[in-house]
Amino acid sequence: MRVLIELPAPTRRKAEKYPWTEWFDGTPRLFEQGVDYEGTTAGFRSCAYAAARRHAVKIMVRTIGDDLAVQAVRS
C-alpha cells in the first residue's frame with residue numbers, strides 16, 4: 001500500500017452519447033424520436049434528467065406526441 005499526498009482528480013470513463021452541454025444552454029429544443037434519439041421517449045426523458053443532474057442544471061421537459069421538448073432553466 002502506498003500513501004498518497006492528495007486524491008487524484010476524477011476521470012470520466014465514458015464519453016456522453018449526446019452533447020448535453022450544448023443542449024443545456026437555455027434554448028428550448030424539440031427532440032424527435034428516431035431522428036435525434038433512439039429508443040423510447042420515456043427512456044430519453046430519463047437520460048435528460050440524469051444528464052441535468054450530472055451537469056448541475058435544472059430542466060423543464062414536455063412530451064409532445066412521441067417527441068420531447070427540453071429547456072434548461074436558471075434557478
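Which helix holds both Trp-20 and Trp-23, and how many residues apart do they lie? Both are in helix H1, 3 residues apart, which is about one turn of the helix. The legends below describe a predicted model, in which local features need pLDDT of at least 70 and side-chain atom pairs count only at pLDDT 80 or more, while totals for chains, interfaces and linings use all residues. Residues are numbered from 1 along each chain as its sequence is written, and side-chain values use heavy atoms, with hydrogens and water left out.

**Figure 1. Overall view of the chain.** The chain has 2 helices and 3 strands, where helices (H or I, at least four residues) and strands (E, at least two) are DSSP runs numbered from the N terminus. From the N terminus on, these elements follow the order α-β-α-β-β. The C-alpha trace spans about 55 × 30 × 15 Å along its principal axes. The radius of gyration of the chain is 16 Å, whereas a compact globule of 75 residues would have a value near 11 Å; the radius is taken over C-alpha atoms, and the globule rule is 2.2 Å times the number of residues to the power 0.38. Of the 75 residues, 24% count as buried, a term that means under 20% relative accessible area, with exposed meaning over 50% and partly exposed in between (1.4 Å probe, protein chains only).

**Figure 2. The aromatic pair of Tyr-18 and Phe-44.** The structure holds 9 aromatic pairs. Rings of Phe, Tyr and Trp (its six-membered ring) pair if their centres lie within 6.5 Å; planes under 30 degrees apart count as stacked, over 60 as edge-to-face and the rest as tilted. The ring centres of Tyr-18 and Phe-44 are 5.3 Å apart and their planes stand at 85°, so this pair is edge-to-face. Because Tyr-18 lies in the segment before helix H1 (20-23) and Phe-44 in helix H2 (residues 41-54), the pair ties together parts that are 26 residues apart in sequence. Tyr-18 is buried, with a relative accessible area of 14%, and Phe-44 is buried at 2%.

Figure 3. The rings of Trp-20 and Trp-23 have centres 5.3 Å apart and planes at 85°, so the pair is edge-to-face. Trp-20 is buried, with a relative accessible area of 3%; Trp-23 is also buried, at 13%. Ring pairs join Tyr-18, Trp-20, Trp-23, Phe-24, Phe-31, Tyr-37 and Phe-44 into a cluster.

Figure 4. Ala-48 has its place in helix H2 and is buried, with a relative accessible area of 0%. Apart from neighbours within four places in sequence, Ala-48 is in contact (heavy atoms within 4.5 Å) with Trp-20, Phe-24 and Ile-59. Ala-48 and Trp-23 are 25 residues apart in sequence, and their C-alpha atoms are 10.0 Å apart in space.

**Figure 5. The surroundings of Tyr-49.** Tyr-49 is found in helix H2. With a relative accessibility of 33%, Tyr-49 counts as partly exposed. Not counting residues up to four places away in sequence, Tyr-49 touches Ile-59 and Val-61. Val-70 is 21 residues from Tyr-49 in sequence and 9.8 Å from Tyr-49 in space, C-alpha to C-alpha.
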